[in-house]
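Please read the following walk through a protein chain with its sequence and coordinates at hand.

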Amino acid sequence: MSAKAISEQTGKEFLYKYICTTAAMQNRFCCATVTADTDWDRLTQDHPWLLTERLVVKPDQLIKRRGKLGLVAVDLNLEGVQEWLKSNLMTEITVGLLKSLCFYLLGVTVICHSSLSIINLVDLTCPCFWEFYVCVYTSREGSHVLFHHEGGVDVGDVDTKAQRLLVGIDEKLTEDMVTQQLLVHVTDEKKEVLASFIVGLFNLYEDLYFTYLEINPLVVTKEGVYILDMAAKIDATADYICKPKWGDVVFPPPFGREAYPEEAYIADLDAKSGASLKLTLLNPRGRIWTMVAGGGASVVYSDTICDLGGVDELANYGEYSGAPSEQQTYDYAKTILSLMTNEKHPDGKVLIIGGSIANFTNVAATFKGIVRAIKDYQGPLKEHEVTIFVRRGGPNYQEGLRVMGEVGKTTGIPIHVFGTETHMTAIVGMALGHRPIPNQPPVAAHTANFLLNTSASAATPARTRNTSFCEHKLSTIEFKSNVCLSTPLAKATTLFSRQTKAIVWGMQTRAVQGMMDFDYVCSREEPSVVAMIYPFTGDHKQKFYWGHKEILLPVYKNMADAMKKHPDVDVLINFASLRSAFDSTMETMQYPQIHTIAIIAEGIPEALTRKLIKTSDEKGVTIIGPATVGGIKPGCFKIGNTGGMLDNILASKLYRPGSVAYVSRSGGMSNELNNIISHTTDGVFEGVAIGGDRFPGSTFMEHVLRYQDTPGVKMIVVLGEIGGTEEYNICQGIADGRITKPVVCWCIGTCATMFSSEVQFGHAGACANQASETAVAKNQALREAGAFVPNSFDELGDVIKFVYDDLVAKGIIVPAQEVPPPTVPMDYSWARELGLIRKPASFMTSICDERGQELIYAGMPITEVFKEEMGLGGVLGLLWFQRRLPRYACHFIEMCLMVTADHGPAVSGAHNTIVCARAGKDLVSSLTSGLLTIGDRFGGALDAAAKQFSKAFDSGLLPMEFVNKMKKDGVLIMGIGHRVKSINNPDMRVQILKDFVKQHFPSTQLLDYALEVEKITTSKKPNLILNVDGFIGVAFVDLLRTCGGFTRDEADEFVEIGTLNGIFVLGRSIGFIGHYLDQKRLKQGLYRHPWDDISYVLPEHMSM
């Protein structure tokens, strides 16, 4: 939702902080919040004025007309406030049909309402006291300012009485405009103050992205301006712009509905996700629960439940959409399952997992999350006698339905599963007992049945149907020199043809490939996408498939180059994020060749969208979106992911044109319309989803008029929804005779009038601010105007079929002969996803898996690694040994890393690293230079020592026999000897490790054997000690053999494959990096070895 109501306290804080006006603002920040848990001593310390001033107390719970309801107490001291609260705080009150606890109140030091005395300031009889009404609200055309010279609780119907002023988009409000058009009934002495205040208020309204702001009364005295009651809404999508000024805004729930922690949890998930996750609890004790995919579909399911008499038992409203991950879907599903199993219902409960036909969401992937949640809650679900009904379509939906059916069989939970062969809302009637449950629902054809090409030919298939009426090339809009660019230009009637060429903004390779596959199956001669724009990389080529053939598509860094090199492009599909979609769209409209722009992003602030609309109207550009999947013209062109995967494209006959054009708000529901129309008529001619925002770039009426003027369109379908008044323009068009083709129309959201509290549905624009904006009112008006309006969404397909059959009977529509559709090869990745093919993997790994929601080390989630405090040694055990090692083993590994981290700058590895660093090389190069010196002579003796000592020990050689054998063979004993340390100058690193190993290891047989060897070698020469490499090598063998985690063969294998040298490499890397950083920090120059440290000799034959 974009426009969200804020508390009066928040609104006043914004106003007092940021308003810029010459009018003297009074009663700034004199407010304190009181709840049932308030500590009054602490409150009076924080707000000492409570002890001295006269007070007003009122609830701050988005309640309208508080004064008339007796919910405002005035002229009280603190004791009076406390007495008033005793009888009102946490008591149930009724406002209209709504009941709620009065639990959140606002105390303010202010002057009081109309007929009451002015506390601490002036008596009511004083002539210098005036109450006014002022309101600012947003519309598509601009911002409306309402002003009435009589404010207060008895202001009445301000819509009919107030003076109005429309400030256009990008226009400024001046004091002269206010004085001349709004203050006509105000005395001269107050005009200057009011004009300044209203201009400041309007500027504040626009700067802080308000969508509604009402002050009643606004009181003016000789001391200045007082803000008494205030109501406001802000555009929540502008948070990324206004965060520095807004701070962390808390949006209170509508009056009549509690705020539940589960709602806050889902809202937090939604904020952290690129997907959309919504949850509103209506009746936690209800027996009917929903888990619906899609903003439009969620409304349709709620409508159907209410139509069938389930309104009192409907527990929740919510939706998940936008391709949430498996983990996100799991979190969403488990929240709903937890709520619905809190309390038993005598009739059991039903869960409706529904949705329209998805455009791009992988249904199987999201269902995996739901299946996980069902398995986790299978006990409570069976205990609460829950029956589940599932209906879904879209990419890979067959697999999703299969796993959903399987979990029903394995858990014993009744789960009834249906696909696109079943009407979207049919499962509601089944769940509520209004229609029978089929024993064996029809099985839809598998995706593979549509996509695998059995033809040996790779050529573009021939056309399959007459598409002559969309063959013509669009006429280019000409900008004549004598026409001012600010003059609005006529928009094109035909947006897309078989020659349409488009540029895609954003690296959306999947969407582009989908468009090309659609082009191919429609028998287009060439792809519709000619280039992509992606400003985050340099110009390059991107590979795609055109049928069987690979082609290269240019990708440009900036738009100017793309437009210059592709002058025949007339459509831009904008996949930019919500933060950059505005700028990229404005830039696009600077190029006259573009006549259509689709904006996919959801969450663009309304103020920015209205600027886009104004510019597009001036330049004759049609905008589809924002917050849309796009549109489709069968046989010609499709936008991005519209229409879903090719199986749905073919099943809905979108590869060739029909006779029915439609327009909807919802992208998911547009795909459902494709399905309904294909089953009841000869198919879709064109379909557009204008988007779910309050102010879409193009309107229902614009597209309906296009369809009216398009010969190939014989009938029109409109899927409207609650909120806004656009549908009334269609009524007017029918009444005026401008629209003569039959119009079938249904507005979703009829359930809203049945709810006891306000519910914000999935789309930002799906909220009625007045009776005329309700779906019920609009459906009635459309019916009276002459449109064909069903009684419910369930009957929409029947009405469409009735109208179509009538047109066929009259000869207006002559159905064309159906021809089998052409085929297109399936992408390898999708075929593998469907399990149709298999291929040997290029790599195998068994230590780490990053594909899921959480990183996994050797089967252990990363959260568990930290929870168990496994440390670096534990992680090394998981990744190197695929085991969870004992704690002493993990500590020993960490000790080894510590003692091998560095041994000074003189050793070869550190020396190389230093020389490289001083030569100006980077960190990786310098580190590599040092690591390359590691081998048998330097640091690489761990593996060799472990192997030599193990072999001797396992062969039964006595230590003396081992030493003698190695001497006889002329082989050095690895791990024995040190350049500096000796039996008389022991290496403390070895001593530290020895003490730990002796204390904690279960057995040290090989270490004891090595120490016996050391006694023999040091007796010959004192520096032939067991060095740190040798000690770690033999101790590690003891660890692997005796810790209980490995078999003998596994322990020996780890030694053989070089595992132990890895300890030295990893540890010494720490020191090498330290030397690199040290040299850089000391700013050491290029190293040159001194001459006096080099012995220069001549070749031997010359020296003689």
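The paragraphs below take up these topics in turn.

This is a predicted model, in which local features need a pLDDT of at least 70 and side-chain atom pairs count only at pLDDT 80 or more, whereas totals for chains, interfaces and linings use all residues. Residues are numbered from 1 along each chain as its sequence is written, and side-chain values use heavy atoms, with hydrogens and water left out. The pLDDT, which is the predictor's confidence in each residue on a scale from 0 to 100, averages 87 over the chain, and 90% of the residues score at least 70. Where pLDDT is low, the predicted coordinates should not be read in detail.

Helices (H or I, at least four residues) and strands (E, at least two) are DSSP runs numbered from the N terminus, and two strands are said to pair if DSSP finds at least two bridges between them. Strand S18 (residues 386-391) pairs with strand S19 (residues 415-418) in the parallel sense over four bridges, and Val390 has Val417 of S19 as its bridge partner. Together with helix H13 (residues 397-411), S18 and S19 make a right-handed β-α-β unit; a crossover is called right-handed if, with the strands pointing away from the viewer, the path from the first strand over the helix to the second runs clockwise.

S29 and S30 pair in the parallel sense over five bridges, and Ala661 has Glu686 in S30 as its bridge partner. The chain passes from S29 through helix H21 (residues 667-680) to S30 in a right-handed β-α-β crossover. S27 and S30, by contrast, run antiparallel and are joined by two bridges, with Gly631 partnered by Val688 in S30. Six of the six residues of S30 are buried, so this strand is largely enclosed by the rest of the structure; buried means under 20% relative accessible area, exposed over 50%, and partly exposed in between (1.4 Å probe, protein chains only).

What does the nonpolar interior look like? A nonpolar core is a set of buried Ala, Val, Leu, Ile, Met, Phe, Trp, Tyr and Cys residues joined through side-chain atoms within 4.5 Å. The largest one has 104 residues, and among those with the most contacts inside it are Ile573, Phe637, Met715 and Ile730. Helix H16 (residues 509-521) gives the most to this core, with seven residues. Apart from it lies another core, of 68 residues, including Val167, Val186, Phe197 and Ala238. In soluble globular proteins, nonpolar side chains tend to be buried together.

Gly620, which follows H19, has a positive phi near 70 degrees.

Most residues other than glycine have a negative phi, and most peptide bonds are trans. Lys653, in the loop between helix H20 (646-651) and strand S29 (660-664), has a positive phi near 55 degrees and is partly exposed at 24% relative accessible area. Gln882, between helix H28 (871-881) and helix H29 (887-899), likewise has a positive phi of about 55 degrees. Cis peptide bonds join Asn216 and Pro217, with omega about 5 degrees, and Gly625 and Pro626, with omega about 0 degrees. Pro217 lies in strand S11 (residues 210-221), whereas Pro626 lies in the loop between strand S26 (622-624) and strand S27 (631-633).
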